[in-house]
Amino acid sequence: MSPEEKMLLAARLRAIADGLLIPTATLTGLPPSLVQGFVEGTTTGAVEAAKAPKKRKRSAYSRKYKAAFKRVAPKYKLKSGKWKSNGFKRAVKEAHRIAGGKKR
């Protein structure tokens, strides 16, 4: 998007906002600047609230376990994709063994 297009888009958005804010301000009897400040404040707060929290870093063991489980799981599944009897439990145990868990 070129700078000229961005300026035109911003002008359109301001015109739409003015078209919504002025009637609201006259209807409520509040000054237009106060209504505009309220709307800008709520949208800014909404943007901050919508930001996702920072995800925690996965440990090296967790990454190794995930890869090991993906490698091992097909051995414990049926052709239909369902788990064999005690298959999930065995797959978890083997993946932990491969990933190097429970070192004492």
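Here is our conversation about the model, which is a predicted one.

Colleague: How are helix H3 and helix H4 oriented to each other?

Modeller: Happy to start there! The axes of H3 (residues 60-72) and H4 (residues 87-99) come within 8 Å and cross at roughly 130 degrees. Roughly antiparallel would need an angle over 145 degrees, and roughly perpendicular one of 65 to 115. The two helices, H3 and H4, are therefore oblique.

Colleague: Which hand does the crossing of H3 and H4 have, and how do the residues of their contact divide?

Modeller: The crossing is right-handed.

Colleague: Is Glu94 buried or exposed, and which side chain does a polar contact join to that of Glu94?

Modeller: Glu94 sits in helix H4. Its relative accessible area is 13%, and the cut-off for buried is under 20%, so Glu94 is buried. Leaving aside neighbours within four places in sequence, Glu94 is in contact with Val72, Lys75 and Tyr76. The polar contact, at 2.5 Å, is with the side chain of Tyr76.

Colleague: What is the phi of Asn86, in the loop between H3 and H4?

Modeller: Nice one to check. Most residues other than glycine have a negative phi. Asn86 is partly exposed, with a relative accessible area of 48%. Although not a glycine, Asn86 has a positive phi of about 60 degrees.

Key
Residues are numbered from 1 along each chain as its sequence is written. This is a predicted model: local features need pLDDT of at least 70, side-chain atom pairs count only at pLDDT 80 or more; totals for chains, interfaces and linings use all residues. Side-chain values use heavy atoms; hydrogens and water are left out. Axes are lines fitted to C-alpha atoms, for helices over the stretch in contact, and angles run from 0 to 180 degrees between N-to-C directions. Helices (H or I, at least four residues) and strands (E, at least two) are DSSP runs, numbered from the N terminus. Angles under 35 degrees count as roughly parallel, over 145 as roughly antiparallel, 65 to 115 as roughly perpendicular and the rest as oblique. A crossing is left-handed if the near helix is turned anticlockwise from the far one by less than a right angle, and right-handed if clockwise. Buried means under 20% relative accessible area, exposed over 50%, partly exposed in between (1.4 Å probe, protein chains only). A polar contact is a pair of N or O atoms within 3.5 Å; within protein, one must be able to donate a hydrogen and the other to accept it, and residues adjacent in sequence count only if both atoms are side-chain atoms. Contact means heavy atoms within 4.5 Å.
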